[in-house]
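Reader: Could you walk me through how to read aromatic rings and helix packing in a model? I'd like the general idea, then the case at hand.

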Amino acid sequence: MSQKNQTLGEFIIENQASFKYSSGELSRLINSIRLAAKVVNHAVNKAGLVDILGHSGDTNTQGENQQKLDVYANEKFIQMLTNRNIVCGIASEEEQDFMAINSYDNNHQNKYVVLIDPLDGSSNIDVNVSVGTIFSIYRRVTPVGSAVTIEDFLQKGTEQVAAGYIIYGTSTMLVYTTGDGVNGFTLNPAIGTFYLSHPNMRFPTHGSIYSVNEGNYIHFPQGIKNYIKYCQMEEEDRPYTSRYIGSLVSDFHRNMIKGGIYLYPQSSTYPEGKLRLLYECNPMAFLAEQAHGKASDGYRRILDIQPEALHQRVPFVCGSAAMVEDVKRFMSKEHKL
Ligand code: AHM
Ligand code: MG
């Protein structure tokens, strides 16, 4: 499959035939995400140099502070996806409602909707820590030729056609799946080209890293508390190492390469968990499963949850398969669903 020095552009073309519905539309869609990623990467990289840092003064739909780069990334991704006339709808973590995209020259003939978290972990920007973009793609369920409705967005994660993230880290990477494994591409900033650097990425079945905001320990359910104590116990391959960046994409990326688990459980502050099912958990869960990992809310497979609202939150446990199973065991011992 992978040849040396293969670019993302070449990879997309080469793999187009293997998509379930191969009309070139999905390839064009991934290509525009690639382009938006480069534009946002440019802005993120110079964030320390220009007066773009700081709070914009607005709050997003969750009532949280929105920073300028969030707004910028949101605008750029929406712009790239709408200008190129390839999607029929977009929902963004930064927008209250979904957008129906009507391209009057093709009268709602596009088939895909995109859900996006344009800049996740943005509280990390002003301290120069990695952030990411997360995207998720579905085929619409309502008939082409009409405007999209909420139904097109509230699909189970199992229905995703593609999902991925861009990590703006020490190097910038685009990692994605179309349901046939996970591949990672690293940007060569000198020439603005993504190269296949991490073909067929996989979570080790077991790892030794746990990533959780332990400052919230006191507010966690007993099952999670017990699991954290288990991670810290001196036994067999334990204690595990604790690593928490506070940037989902970065924590996930490290755990996928090294083996580990990420947890954002329910707590008294966030009774439903903090992360959003549609913009964060489903795409990461799809990637995790495609990389032989698992994703759960502590009891259920994330991808099987029927979404009820665009900005729904859910407890999230994701990573090496055996470690996610351990958490489920600890949860079921203490709590009944
Ligand atoms: P955001 O969408 O507002 O950026 O929040 C999501 C982020 C994740 O990237 C990260 O893992 C988590 O929130 C960190 O939350 P906390 O600071 O509560 O540990
Ligand atoms: Mg987010």
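Author: Gladly! Rings of Phe, Tyr and Trp (its six-membered ring) pair if their centres lie within 6.5 Å; planes under 30 degrees apart count as stacked, over 60 as edge-to-face and the rest as tilted. Here Phe 11, Tyr 176 and Phe 185 form one aromatic cluster. Please note that this is a predicted model, where local features need pLDDT of at least 70 and side-chain atom pairs count only at pLDDT 80 or more, while totals for chains, interfaces and linings use all residues. Residues are numbered from 1 along each chain as its sequence is written, and side-chain values use heavy atoms, without hydrogens and water.

Reader: How many aromatic pairs does a search of the whole structure find?

Author: Twelve aromatic pairs turn up.

Reader: Are Tyr 165 and Phe 252 buried or exposed?

Author: Both Tyr 165 and Phe 252 are buried, meaning under 20% relative accessible area (1.4 Å probe, protein chains only).

Reader: At what angle do helix 2 and helix 3 pack?

Author: Axes are lines fitted to C-alpha atoms, for helices over the stretch in contact, and angles run from 0 to 180 degrees between N-to-C directions. Helix 2 (residues 25-45) and helix 3 (residues 68-83) pack at about 155°, with axes 9 Å apart. The two helices are therefore roughly antiparallel, a label for angles over 145 degrees.

Conventions: Chains lettered and ligands numbered in written order. Helix = DSSP H or I, 4+ residues; strand = E, 2+ residues; numbered from the N terminus. Parallel < 35°, antiparallel > 145°, perpendicular 65-115°, else oblique. Buried < 20%, exposed > 50% of the residue type's maximum accessible area, 1.4 Å probe, protein only.
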